[in-house]
Amino acid sequence: MANTVYVLNGPNLNLLGTREPKTYGSATLADVEALCREAGRHHQFEIEFRQSNHEGEIVDAIHEAGAKRGVGIIINAGAYTHTSVAIRDAIAAVDVPVIEVHISNIFAREPFRHHSHIAPVAKATLCGFGIEGYALAIDGLAVLIEARGARAERVG
C-alpha cells in the first residue's frame, strides 16, 4: 500500500449527478472515481476510492491509510467538514498528508459552510473547481511527495 492514495468522500456524495446539479454539476461519483484513477495513473499511484454517509467509517478509513502507510489522503468530507471534530482528530493522528477538496466554493455558499474543521490539519484545501478539484488535489499531492523526497535526500 506504499503507493496508495486514499480518496474519501463523505455524506450525500453518492447522490452526485442528481443532487443539486446547479451546485454540484451533473457528474456522478463514478465519474469522480474514473477521474481520480486517471490522475493516479499519471503519477503511478494506486487509488483506494471510498464513500460513506457514516462518520465512523470515514474515521476508520483515515486510520487505515495511516496504518497501511498510504502516501496521501484526498478527502471531501461533505457536511462533516463543518461539524466533525472526530474526522479532524483522525487526520491529525496519522502521519499522512491530507488534501481537502470541495466541488463547490464553500466560501460562496451559506455562512455555516465557511468553517472547516479539516483545513487546519490538512496540507491544502481546494474548493470551487468542480470534480476537477480531485485531479488537482492528486497532482498537488504528487508535488508534496516529490518535495518531501527531495528534502530527505538533502538532509540524508
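Which loop holds Gln44, the one between α2 and β2 or another? Gln44 sits in the loop that connects α2 with β2. The views below come from a predicted model.

**View 1. Two non-glycine residues adopt a positive phi.**
Gln44, in the loop between α2 and β2, has a positive phi of about 60°. Gln44 is not a glycine. Its relative accessible area is 63%, so Gln44 counts as exposed. Arg69 provides a second case, with a positive phi of about 55°. Arg69 is not a glycine either. Its place is the loop between α3 and β3. At a relative accessible area of 66%, Arg69 is exposed. Most residues other than glycine have a negative phi.

**View 2. Five parallel strands build an open sheet.**
The sheet has 5 strands in the order β2-β1-β3-β4-β5, and the pairing is parallel. β2 and β5 (124-127) form the edges. Each edge strand has a single partner, so one side of each lacks a neighbour in the sheet. On average, neighbouring strands are turned by 15° against each other, direction ignored. Strands of a sheet pair through backbone hydrogen bonds.

Strand β1 covers residues 4-9. It runs parallel to β2, and 6 bridges join the two. Thr4 has Glu46 of β2 as its bridge partner. Val5 stands opposite Ile47 in β2. α3 packs on the sheet and touches β1, β2 and β3 (72-76). The direction of α3 makes about 170° with that of β1. Between β1 and β3 there are 5 bridges, again with parallel strands. Here Leu8 is bridged to Ile75 in β3.

**View 3. Both faces of β1 are covered.**
In β1, 6 of the 6 residues are buried, so the strand is largely enclosed by the rest of the structure. Thr4, Tyr6 and Leu8 lie on one side. Val5, Val7 and Asn9 lie on the other. The residues on both sides are all buried. In a regular strand the side chains alternate between the two faces of the sheet.

Helix α4 spans residues 85-93, and its buried residues are Ile87, Ala90 and Ile91. Seen down the axis of α4, these buried residues fall within an arc of 100°, so they line one face of the helix. They pack against α3, β3 and β4 (98-102). Ser84 caps the N-terminal end of α4. A side-chain oxygen of Ser84 lies 3.4 Å from the backbone nitrogen of Ala86.

**View 4. Ser52 is buried in a loop.**
Ser52 belongs to the loop between β2 and α3. With a relative accessible area of 6%, Ser52 is buried. Its side chain reaches the backbone nitrogen of His54 at 2.9 Å. Neighbours within four places in sequence aside, Ser52 contacts Asn9, Gly10, Pro11, Glu57 and Ile58. One of these contacts, Asn9, is among the buried residues of β1.

**View 5. A salt-bridge network includes Arg50 and Glu64.**
Glu48, Arg50, Glu64 and Lys68 are linked in a network of salt bridges. Arg50 and Glu64 form one of these, with the closest N and O atoms 2.6 Å apart. This pair links distant parts of the chain, 14 residues apart. Arg50 is in strand β2 (residues 46-51), and Glu64 is in helix α3 (residues 55-67). Glu64 also meets Lys68 in a salt bridge, at 3.8 Å from N to O. Arg50 is partly exposed at 25% relative accessibility. Lys68 is partly exposed too, with a relative accessible area of 40%.

Arg37 and Glu33 meet through their side chains in a salt bridge, 2.8 Å from N to O. Both residues lie in helix α2 (residues 29-42). They are 4 residues apart, about one turn of the helix. An α-helix has 3.6 residues a turn, so residues three or four places apart point the same way. Arg37 is partly exposed, with a relative accessible area of 31%. Glu33 is partly exposed as well, at 26% relative accessibility. The total for the model is 7 salt bridges.

How values were computed. Residues are numbered from 1 along each chain as its sequence is written. This is a predicted model: local features need pLDDT of at least 70, side-chain atom pairs count only at pLDDT 80 or more; totals for chains, interfaces and linings use all residues. Side-chain values use heavy atoms; hydrogens and water are left out. A salt bridge is a side-chain nitrogen of Lys or Arg within 4 Å of a carboxyl oxygen of Asp or Glu. Buried means under 20% relative accessible area, exposed over 50%, partly exposed in between (1.4 Å probe, protein chains only). Two strands pair if DSSP finds at least two bridges between them. Axes are lines fitted to C-alpha atoms, for helices over the stretch in contact, and angles run from 0 to 180 degrees between N-to-C directions. Contact means heavy atoms within 4.5 Å. The arc is that of the directions from the helix axis to the C-beta atoms. A polar contact is a pair of N or O atoms within 3.5 Å; within protein, one must be able to donate a hydrogen and the other to accept it, and residues adjacent in sequence count only if both atoms are side-chain atoms.
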